[in-house]
Amino acid sequence: MISVNNLTKMFGDFKAVDGISFDVAKGEIFGFLGANGAGKTTAIRILCGLSKATSGSGHVAGCDIITQSEDIKRNIGYMCQKFSLYEDLTVWENMELYGGIYGMKTKDVHLRAEQLLKEVDFYEHRNDLVKSIPTGWRQKLAFTVANIHSPKVIFLDEPTGGVDPLTRRQFWSMIRKTAAEGTTVFVTTHYMDEAEYCDRVSIMVDGKIMALDTPAALIEKFGVSSMDEVFRNLARNAVRNE
Amino acid sequence: MNRLLYFIKKESLHILRDIRTLLVVIGIPILLMLLFGFAISTDVNNINVAVCAPVRAESIEKVISEMDNSELFTFKGYVNPDEIDRALRSGKVGIVVVFADDYDRIVSGRIPDEKAVQIVLDGSNPNVAASGAAYLTAMLGGMGSEAGLVENHILYNPQMKSAYNFVPGILGLIFILVCAMMTSISIVREKELGTMEVLLVSPVKPIWIILSKMVPYFLLSCINLISTLLIAKFALGVPMTGSIFGIIFISLTYILLSLGFGLLVSTVTDKQMVALLISGMILMLPIMMFSGMLFPVENLPAVLKPFSYIVPARWYIDAMRKLMIEGLEFSGVILEFSILCFMTVGILRVALMKFNDRLE
């Protein structure tokens with residue numbers, strides 16, 4: 001579903017992303033880890049078609065990231081670390097808007113929105129203004145909205161920042177359910193316990209991918225007891241700070 | 001096209017849900033019009049006048065009662081020649097009118113080359129002094145003296161009402177306020193919230209995002225245009241004998257230009273506060289100073305005069321004065337219109353270019 005080969009992004013002399021390669025299968029939850037400044041955000045921007053790679057090649061949802069970035073946009077969902085729903089619109093209006101942006105028919109948007117909201121038990125509150133909804137819920141709704149047009153791949157850029165542990169758990173069960181339905185989930189996170197929910201994780205240090213495997217295999221390979229220690233082992237050698 | 005409608009609906013909801021801002025945007029033009037039209041006025045009224053007349057001739061009494069009857073002057077009594085200075089200094093009167101001993105004979109022309117009347121003015125407020133002198137001169141001239149006084153004939157705005165002059169200026173200001181300030185803030189707000197990023201990841205072309213932001217503010221500006229013109233016509237009595245089509249046409253052009261400014265401002269910053277400051281300081285101040293809204297452009301120092309040529313509001317206000325007050329047809333403002341069109345195209349081009357650059 002995602003396939004990247006030797007992807008590099010230069011900003012002047014600075015190699016933000018330094019020849020990364022990986023493949024992500026359909027329905028997989030792929031954890032994309034790295035310290036701040038490791039090049040995660042730059043890589044995601046390239047994959048989403050927001051930015052052009054300096055060299056290397058890749059495909060997302062069957063579209064070339066260099067030449068077909070507009071086609072990529074139609075097939076992916078995106079949720080960023082900042083909260084991304086409009087606070088002065090209702091949940092329903094937000095869903096109508098985002099469905100409409102992706103060219104869905106109004107009738108289809110309503111059907112899909114009803115189904116998704118019922119799954120998370122929020123259908124009765126669909127006409128509430130977003131600003132009156134608690135943060136944890138908003139984050140779950142933002143995910144629902146990113147999923148409204150049934151994208152092939154969903155990119156989540158630190159989706160659980162500032163959310164309490166219980167909501168994070170619920171959030172991840174939503175992610176797993178979505179992946180089980182065949183949607184590929186590409187997620188970045190700072191929480192190493194979340195990394196263990198992923199099918200596979202990659203860890204980026206200084207623009208390069210230093211490790212890529214299932215969480216269990218990585219823990220075994222580094223001879224430690226948790227992903228947290230794996231991450232600290234690798235990030236310790238980083239040259240760039242922040 | 002369908003997508004654009006979704007966006008326009010969304011933008012309209014943003015505006016409609018923020019009732020306070022909406023009221024301000026619609027109310028400010030009306031408030032400004034009424035303020036400048038009725039309360040703040042550079043017209044000079046009720047100047048206190050004292051008279052120094054050695055002889056209380058009937059002809060002089062006639063002049064005084066004429067003066068007192070006009071709303072410009074209030075007759076405060078007679079003073080002796082040695083009291084003139086004190087009367088002015090104490091601020092009790094603004095003008096002292098001194099009649100010559102031989103007033104009657106000078107006015108009837110029996111003593112040539114003599115002045116019949118001297119006007120002594122308190123110059124500490126030049127505005128009052130200048131207008132007072134002008135009105136008095138005109139009035140004395142109209143009183144049948146043949147002593148070679150110049151006859152004033154003021155075209156287009158015979159009562160010299162300042163409200164007439166302010167209407168185009170207020171419009172020039174309002175559109176920058178509503179279009180440039182509101183548009184830039186609304187774009188920058190999405191950057192601050194993070195929603196802009198999500199929109200950019202979607203298949204929507206950035207240009208549609210921007211267009212949909214402009215449409216509701218364009219409509220709001222049209223409402224402002226209508227309310228302002230109605231007040232101008234029916235409450236302030238601005239004649240507006242010129243081409244209505246021209247007034248609307250040139251205003252729409254200017255609105256587009258202001259929207260372009262808003263877009264340009266939004267490309268320069270990611271902070272709402274900065275956008276507000278830029279629109280407020282960098283756009284509004286030159287409009288007040290260099291557009292002829294407050295001071296005539298002709299009065300600017302030679303160094304600053306060229307600066308007024310690049311302020312779009314100057315051309316807009318010029319054109320609107322010609323159309324609204326002088327009553328010219330549209331053909332009379334072709335020059336101003338062409339310059340505005342040229343500027344509009346330029347600003348929009350630069351703004352769109354910069355907007356696309358920023359996305360890379």
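Me: In this predicted model, which residue of strand 8 of chain A does A:Leu156 stand opposite?
Reply: In the predicted model, strand 7 and strand 8 of chain A run parallel and are joined by 5 bridges. Strand 8 covers residues 184–188, and the residue in it that stands opposite A:Leu156 is A:Val187.

Me: Are the residues of strand 7 of chain A buried or exposed?
Reply: Residues A:Val153, A:Phe155 and A:Asp157 point one way from the strand, whereas A:Ile154 and A:Leu156 point the other way. In a regular strand the side chains alternate between the two faces of the sheet. Since 5 of the 5 residues of strand 7 of chain A fall under the 20% cut-off in relative accessible area, the strand is largely enclosed by the rest of the structure, and its residues are buried.

Me: Which strands stand at the edges of the six-stranded sheet of chain A?
Reply: The sheet is open, its pairing is mixed, and its 6 strands follow the order 6-7-8-3-9-10. Two of these strands of chain A have a single partner strand each, so one side of each is left without a neighbour in the sheet, and they are strand 6 and strand 10.

Me: What is the average twist from one strand to the next in that sheet?
Reply: For the open sheet of chain A with the order 6-7-8-3-9-10, the value is an average taken from one strand to the next, and it comes to 15°.

Me: What angle does the direction of helix 9 of chain A make with that of strand 9 of chain A?
Reply: Strand 9, residues 200–205, pairs with strand 3, residues 29–34, in the parallel sense over 5 bridges in chain A, and A:Gly31 stands opposite A:Val201 in this pairing. Helix 9 of chain A, residues 227–235, packs on the sheet and touches strand 3, strand 9 and strand 10. The angle between the directions of helix 9 and strand 9 is about 25°.

Me: Which strands are the edge strands of the four-stranded sheet of chain A?
Reply: This open sheet has 4 strands in the order 2-1-4-5, with antiparallel pairing. Within it, strand 1 and strand 2 of chain A pair over 7 bridges, and A:Ile2 stands opposite A:Val24. The strands that pair on one side only are strand 2 and strand 5.

Me: At what angle does helix 1 of chain A run to strand 1 of chain A?
Reply: Helix 1, residues 40–47, lies across strand 3, strand 6, strand 7, strand 8 and strand 9 of chain A, running at about 140° to strand 3. Helix 1 of chain A also packs on the sheet that holds strand 1, strand 2 and strand 4, touching these strands. Its direction makes an angle with that of strand 1 of about 120°.

Me: Over which residues of chain B is the pLDDT below 50?
Reply: Chain B averages a pLDDT of 81, and 90% of its residues score at least 70. One stretch of chain B is below 50 and has 6 contacts in the model beyond near neighbours in sequence. Where pLDDT is low, the predicted coordinates should not be read in detail. The stretch in chain B is residues 144–151.

Me: How many Å separate the centres of domain 1 and domain 2 of chain B?
Reply: Domain 1 of chain B is made of 2–40 + 161–359, while domain 2 is 47–142. Taken over C-alpha atoms, the separation of their centres is 47 Å.

Me: Is B:Met273 buried or exposed?
Reply: B:Met273 is found in helix 11 of chain B, residues 272–290. Its relative accessible area is 57%, and the cut-off to pass is over 50%, so B:Met273 counts as exposed.

Methods:
Residues numbered from 1 in each chain as written. Chains lettered and ligands numbered in written order. Predicted model: local features only at pLDDT ≥ 70, side-chain atom pairs only at ≥ 80, totals over all residues. Heavy atoms only, no water. Buried < 20%, exposed > 50% of the residue type's maximum accessible area, 1.4 Å probe, protein only. Helix = DSSP H or I, 4+ residues; strand = E, 2+ residues; numbered from the N terminus. Pairing = 2+ DSSP bridges. pLDDT = per-residue confidence, 0-100. Contact = heavy atoms within 4.5 Å. Domains from an automatic or database assignment. Axes fitted to C-alpha atoms, helices over the stretch in contact; angles between N-to-C directions.
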